[in-house]
Amino acid sequence: MERDHEKAELDIGQVERQKTQLSDAIDGDVDEEEGKKIIWRIDRRLVVLVGVLYCVSLMDRTNLSAAAVAGMNEELHLTGNRYSVITLLFFVTYMIFQPPSTVVIRKVGPRIFLSTITLAWGAVMIGFGFSPSYQVLLALRLVLGAFEAGYFPGCVYLLSTWYTRYEVGRRYSVFYLLGCVASACSGILAFGLMQMDGLAGISGWRWIFIIEGVITCLLASLGYWLLVDFPDSTRKSWRFLTERESAWIVRRVNADRGDVTVPKFSIISFLKGGLDLRVWAYGLIAFCSNTLTYSLAYFLPLILYTNLGFSRGASLCLVAPPYAFSGIYMYLIGWVGDRHRVRGPILVLNMVIALIGLPILGWHSNNGVRYFGSFLVTAGATTNIPVSLAYQANNIRGQWKRAFASASWVGFASLGGIAGSLVFRSQDAATGYRPGLYACIACCLLTILIVCVLDTTFFFDNKKADRGEKELETSHEEYQPDFRYTY
C-alpha cells in the first residue's frame, strides 16, 4: 500500500511539474487570452493552408480512378494489369525522394520548398491531360511521384514544431480531414469535368487532369506568399507573428518536450533515429493504414462501377458520402485523443471498425448494404492516418530523430501505396475483389498487434521512469526528465 501511495505521489508530482512548466512559458509576457489568439492565428494560417495544398496533392495523385471510369482505360488501351502498374509507379520515386525532404525543408524553408514542388507537380498534372500513350503516362507518374514526395513529410514535420504534444493530434486530423474533402469532392468534380468531353477536341478524362492541374498551380502561387516558416527560424513570414509571439511559441513547445533547439545537422545524427525499433513499428502502422486508404482511393469508384453495378456518373458521385462521413468522424476522434491524451486504443478502435466494414463490403448479398460497408472501412482506415502520426509525434524527442521518423513513416506509407495499388486486381473483379479484401483484413490485424505491443512497452517504461530506474528518449540533446510515453 505504501508503495502504491508513493507511486501516486510521483504521478501527481509529474503532472504538477508539467503544468508549472507550461504555465511559466505562457506567463512570460503573453497572457492566456492573447495566447489563445496566437494559437488560433497559427491554426488559420498554417493548418488550413497546408491542408488545402494537401487536398490538391491527394486529388492529383488519386484522380486516376476517376479518369479510368471516364474513359482513359479504353482510349489508352490500359488492359490487363496496366492500370495497376501506372498507380504503383508513382510510389517508386515518391519513396526514393522522401527521406531527404525533411532535411531540405529545414535548410531551404517551407515557403520556398513547398510552394515550388506544388507548382511543379501541378504542371505535370496538366501534362497528363495530353498523354498520347500508356508509356508517356508511366513516365509522368514517375515525375509526379518525385515532386510530391517532399510535401507530406515536410508538412507533418512543420506542424509538429508549432504545437505541443497534446495539441498536434487535432491539427493532424484537420490537416488530413481536408484531404478527405479532396477524396469526397474529386469524384463529383471529375463527373462535372467529364461533361466537357469533346470540347476543343479533348476527351472528358483529359479535362479532369488539365483543370485540376491548373487549380494546383494557382494554389502553389498562393502558398508562396502565405506559407510560414519554423517557429525558431530567422526567416520572415509575410504578415504573420511578431518576434515576441514566435518566441512565446518556442518557449511553450520547449516546456512541453524540450527539443525546440535544432542541433547542427550531421548524417549520423539523422540516421541515429533508426536505431530505435519503435520508429520502424510506427512505419509498419503507416504501411498497414495506407494500404487500406490507397486501395480505397484507387479502386472504390471501380468497385462501385464494375462490381456493385452503379453507372459511371453514380460511381464517381457515390465516393463522396463515405469520405464526408470519415471527415466528421476523424475530427471527433482527434478531439477525443487530444482531450484524453490517448492514441493507441483509438488506433485499435479504428481498425476494429474497418474489420467490421470489410466483410460487409465484400460478402453481403445486398449492394446497398455493401455500400454501407465502404463507410465503415473508409472511416476506420482514413482516421488512422492522423492518429498514427500523433502517436509517433507524441512518443519521440529530438529534432533530427523527429525528422527521420517523419521520413520513415511516409516511406512506409508509400510502400502501403504500392501494396494498395496491387491488392485489388482487375482479374479479381468477378469474385468481388476478395483477395484484396483478405489483404486489407490482414493489415488491420497486424496494426492491432503492433499497437498492443508498443503500448505494453510504453506502460512498463513509464513505470520505470516514475521510479527513477530509466531515462526516456535520451539523446545528445537536452534530457527532459518529465517526458513520458503516450499510450
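Modeller: Let's start with the word buried: a residue is buried if its relative accessible area is under 20%, exposed if over 50%, and partly exposed in between, using a 1.4 Å probe and protein chains only. Before we dig in, note that this is a predicted model, where local features need pLDDT of at least 70, side-chain atom pairs count only at pLDDT 80 or more, and totals for chains, interfaces and linings use all residues. Residues are numbered from 1 along each chain as its sequence is written, and side-chain values use heavy atoms, with hydrogens and water left out.

With a relative accessible area of 15%, Glu 167 is buried. You'll find Glu 167 in the loop between helix H9 (151-162) and helix H10 (168-194); helices here are DSSP runs of H or I with at least four residues, strands are runs of E with at least two, and both are numbered from the N terminus. Contact means heavy atoms within 4.5 Å. Setting aside neighbours within four places in sequence, Glu 167 is in contact with Arg 252 and Asp 338. Asn 394 is 227 residues away from Glu 167 along the chain, yet their C-alpha atoms are separated by 10.0 Å.

Now hop over to helix H9, where Thr 161 sits. Thr 161 is buried too, at 4%. Leaving out neighbours within four places in sequence, its contacts include Arg 106, Phe 230 and Pro 231. Two of those names come up again: the charged end of Arg 106 sits over the ring of Phe 230, 4.0 Å from the ring centre. To count as sitting over a ring, NZ of Lys or CZ of Arg must be within 6 Å of the ring centre and within 35 degrees of the ring normal.

We call it a nonpolar core when buried Ala, Val, Leu, Ile, Met, Phe, Trp, Tyr and Cys residues are joined through side-chain atoms within 4.5 Å. The largest core here has 146 residues, and Phe 152, Ile 249 and Trp 409 are among those with the most contacts inside it. Helix H14 gives the most to this core, with 16 residues.

Rings of Phe, Tyr and Trp (its six-membered ring) pair if their centres lie within 6.5 Å; planes under 30 degrees apart are stacked, over 60 edge-to-face, and the rest tilted. Searching the whole structure gives 27 aromatic pairs. In one of them, Trp 205 and Phe 209 have ring centres 6.0 Å apart and planes at 85°, so the pair is edge-to-face. These two are 4 residues apart in helix H11 (residues 204-226), which puts about one helical turn between them. Both are tucked in: Trp 205 is buried at 1% and Phe 209 at 0%. Ring pairs also link Tyr 54, Phe 152, Phe 175, Tyr 176 and Trp 409 into a cluster.

Asp 461, in helix H20 (residues 434-466), is buried at 8%. Its side chain makes a polar contact of 2.6 Å with the side chain of Arg 278. (A polar contact is a pair of N or O atoms within 3.5 Å; within protein, one must be able to donate a hydrogen and the other to accept it, and residues adjacent in sequence count only if both atoms are side-chain atoms.) Arg 278 turns up again with Asp 276, whose side chain reaches the backbone nitrogen of Arg 278 at 3.0 Å. Asp 276 lies in the loop between helix H13 (267-271) and helix H14 (277-307), and at 17% it is buried. Skipping residues up to four places away in sequence, Asp 276 touches Lys 401 and Glu 473.
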